[in-house]
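Take a look at the structure below, then follow the walk through its strands, its chain contact and its DNA surfaces.

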There are 2 protein chains.
Amino acid sequence: MASRIIRMPGIKDVAALAGVSASTASKALNDTGQLRAETRERVRRAADQLGFRPDSRGRALASGRSFTVGLITTDSSGRFSIPIMLGAEDALSAGEMALVLCDTRDDPLREQHYLKSLVSRRVDGIIVTGRRTEAREPIDVPIPVVYAFSPSTDPDDTSVIVDDHGGAASAVRHLQSLGRERIAHVTGPESHLSAQIRAASTMGAARAGFVGQPLYGEWSERWGRHAVDVLLRAEPTVEAITCGSDQIARGVCDRLRELGRSVPDDIAVTGFDNWSVMALASRPPLTTVDMELEELGRRTANLLLDVIAGEPRRGQLILPTRLITRESTLGT
Amino acid sequence: MASRIIRMPGIKDVAALAGVSASTASKALNDTGQLRAETRERVRRAADQLGFRPDSRGRALASGRSFTVGLITTDSSGRFSIPIMLGAEDALSAGEMALVLCDTRDDPLREQHYLKSLVSRRVDGIIVTGRRTEAREPIDVPIPVVYAFSPSTDPDDTSVIVDDHGGAASAVRHLQSLGRERIAHVTGPESHLSAQIRAASTMGAARAGFVGQPLYGEWSERWGRHAVDVLLRAEPTVEAITCGSDQIARGVCDRLRELGRSVPDDIAVTGFDNWSVMALASRPPLTTVDMELEELGRRTANLLLDVIAGEPRRGQLILPTRLITRESTLGT
DNA sequence: GAAAATCCGGAACACGTTTTCCTGGACGAA
DNA sequence: TTCGTCCAGGAAAACGTGTTCCGGATTTTC
């Protein structure tokens, strides 16, 4: 149990114990000013002895910075924003920055509430992230902002986004390198930008080998299973299916197995997301495109630190994806 | 783009614009002291006009509180701690408290680092949560702490935990109410406390109807599928299988279907977690035990607020689970 | 009409740190 | 000796609030 709270030692207590003034103690602990080495050491020992931790509220006030950044996410369930968050937190904690979490639950009112709160806290910067890859309206605050995953509609804002285009193309090229030419694509709702981009990019990379039209549906295993029936009826000679998500790909694999088609011997399958609970549990495990969201979070945080330091990097930074190859294309 | 950062208006700017002193402005905005209504209104208008947001660093310093709580989690992937976190954040944001996120990634060194950082920030309180239900060593800080999901080993600490016992029993009672008596149990590693408790509780509730021994394995679909083979060989007359997780239950359903057994007509199945990506995608969708982790997060946060307010609630608070019934026991 | 009560608002301080400026002493050079 | 230089450390201000105390002005009471 935490001992009864008395009072935490302040720098004045340290100074008193070391027999110096508060300002001298500050200099000693921060390696600044002109002090004898012996004095520095004495102050340090006093600080250690008292378990002194400088009060960052005072420091924040004096330095004009709060050493805090806010993370605004609209994605409560967090499939995408959680890894981004963790990456950002990782990068920030290295620099003694803290990250305060604000989940708006897609409610504009809550978003306003959080923005006011963050401004009130004089946060050094804000990271904005969302569930979709569609550009979102920028937020209006007199504080450095970087957008992650969902870019700002203002091209002058700083955004870090996933290379959906390259990701989809990499899956196709991988299949082609395995000798598969006749490629189909099953993905989510056509209203989703990421579905559109992945589909367009797949068609572009597959060129003449692309069979039929992209099959738009929903981001679910059920749709993946159903799409297989639709596809095989129309295009029985298909050699590979790239999917817009791992969920869809898993449904595709399940249905193919039920129909007695071997994956990948008869038909190779790829997913998108590298969502381990889907990609690894699928039978067979999925070759899939990893968006490297944690790295995206790290990059976003570092970019934000640059902006805070006064080196604004305007525009969109597009991060590469990584293709993870597994049995659904390689076999055992 | 955020307009160039000039300087945020302080309370002195508001005061100057309203033609009063800073202290008067403070009183006007905080509804304290003795002021004419007219003066109050004038100050408020000035504040609005300037878009004044009080600097919470100053406020924190003056009030002795930071209006911030830290959340320490060891669970980077976040299956369990994410909903807890969101619930806590929800409860805290209502009280104008911010939540700073600290993911230790199970590294004691990082944990120490974060603790120092939180103490430095003079956080008002700390929530500690983990991946397992095993009790964990308490943290040593002169700040109010509440443990969520993973209780503290010190029974005098405040912990909020899930009623694994009641959850498992509720699934069994549900099956019994449907006329199923011969019940088996498939769960995770015996080394996991939650697996042990759920198994013991299942056996206790099933009484004479319990068939064989609990099947311990791993938290995976693969194990669920395999366990079905083991179970049916030894106990062909089983009427229902309760599982220690939704992943296992999904594997069980898949294997039963492959073997031509109908769920639930031949054998009913229940899961644990209500992890929607498993429970809803399973064929059929799973009757399962929801641990209500978001509510747990909310309760934890509110408890912490109580402790901060000086009303310590010692000991373990065990929150009830909720049984979600779906087709895997009810049929269509 | 004078004393007392009431109301309004300002000055000063506290919170904990960093930073700027300044002073007193030691020392070397002329 | 005297002046200048350099060094070690202290005093005070600054950051932005909230709060306590106090004085002046207005109203009430006798």
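Two strands pair if DSSP finds at least two bridges between them. Helices (H or I, at least four residues) and strands (E, at least two) are DSSP runs, numbered from the N terminus. The model is predicted: local features need pLDDT of at least 70, side-chain atom pairs count only at pLDDT 80 or more, and totals for chains, interfaces and linings use all residues. Residues are numbered from 1 along each chain as its sequence is written, while chains are lettered from A and ligands numbered from 1 in the order in which they are written.

Start with strand β1 of chain B, residues 68-73. β1(B) pairs with β2(B), residues 98-103, in the parallel sense over six bridges. Within that pairing, I72(B) stands opposite C102(B). β1(B) is also joined to β3(B), residues 125-129, by five bridges, and these two strands run parallel. Here V69(B) has G125(B) as its bridge partner.

Is β1(B) buried or exposed? Six of its six residues are buried, so β1(B) is largely enclosed by the rest of the structure. A residue counts as buried if 20 or more other C-beta atoms lie within 10 Å of its own, exposed if 12 or fewer, and partly exposed in between, with C-beta atoms placed from the backbone. In a regular strand the side chains alternate between the two faces of the sheet. Both faces of β1(B) are covered: T68(B), G70(B) and I72(B) are buried on one side, V69(B), L71(B) and T73(B) on the other.

β1(B), α5(B) (residues 81-94) and β2(B) make a right-handed β-α-β unit. Right-handed means that, with the strands pointing away from the viewer, the path from the first strand over the helix to the second runs clockwise.

Now turn to chain A. An open sheet of four strands has the order β7-β6-β8-β9 in chain A, with parallel pairing. β7(A) (215-216) and β9(A) (268-270) stand at the edges with a single partner strand each, so one side of each is left without a neighbour in the sheet. Three bridges join β8(A), residues 240-243, to β9(A). T242(A) has T270(A) as its bridge partner in β9(A).

Next, the contact between the chains. It takes 41 residues from chain A and 42 residues from chain B. On the chain A side, α4, α5 (81-94), β2 (98-103) and α6 (108-120) give two or more residues each. That side divides into 20 nonpolar, eight polar and 13 charged residues. Ala, Val, Leu, Ile, Met, Phe, Trp, Tyr, Cys and Pro count as nonpolar, Asp, Glu, Lys and Arg as charged, and the others, Gly among them, as polar. Two residues are in contact if their C-beta atoms, placed from the backbone, lie within 7 Å.

How are the two copies related? A rotation of 180° with 0.0 Å of shift along its axis superposes chain A on chain B, with RMSD 0.1 Å. That is the relation of a two-fold axis. V100(A) has the C-alpha nearest the axis in chain A, 2.1 Å from it. Superposition is by least squares on the C-alpha atoms of residues with pLDDT of at least 70 in both copies.

Finally, the DNA. DNA strand C is surrounded by 27 residues, the closest being G10(A), S23(A), D55(A), G58(A) and T24(B). A residue is near a strand if its C-beta atom, placed from the backbone, lies within 6 Å of it. Around DNA strand D, T24(A), I11(B), S23(B), D55(B) and G58(B) come nearest.
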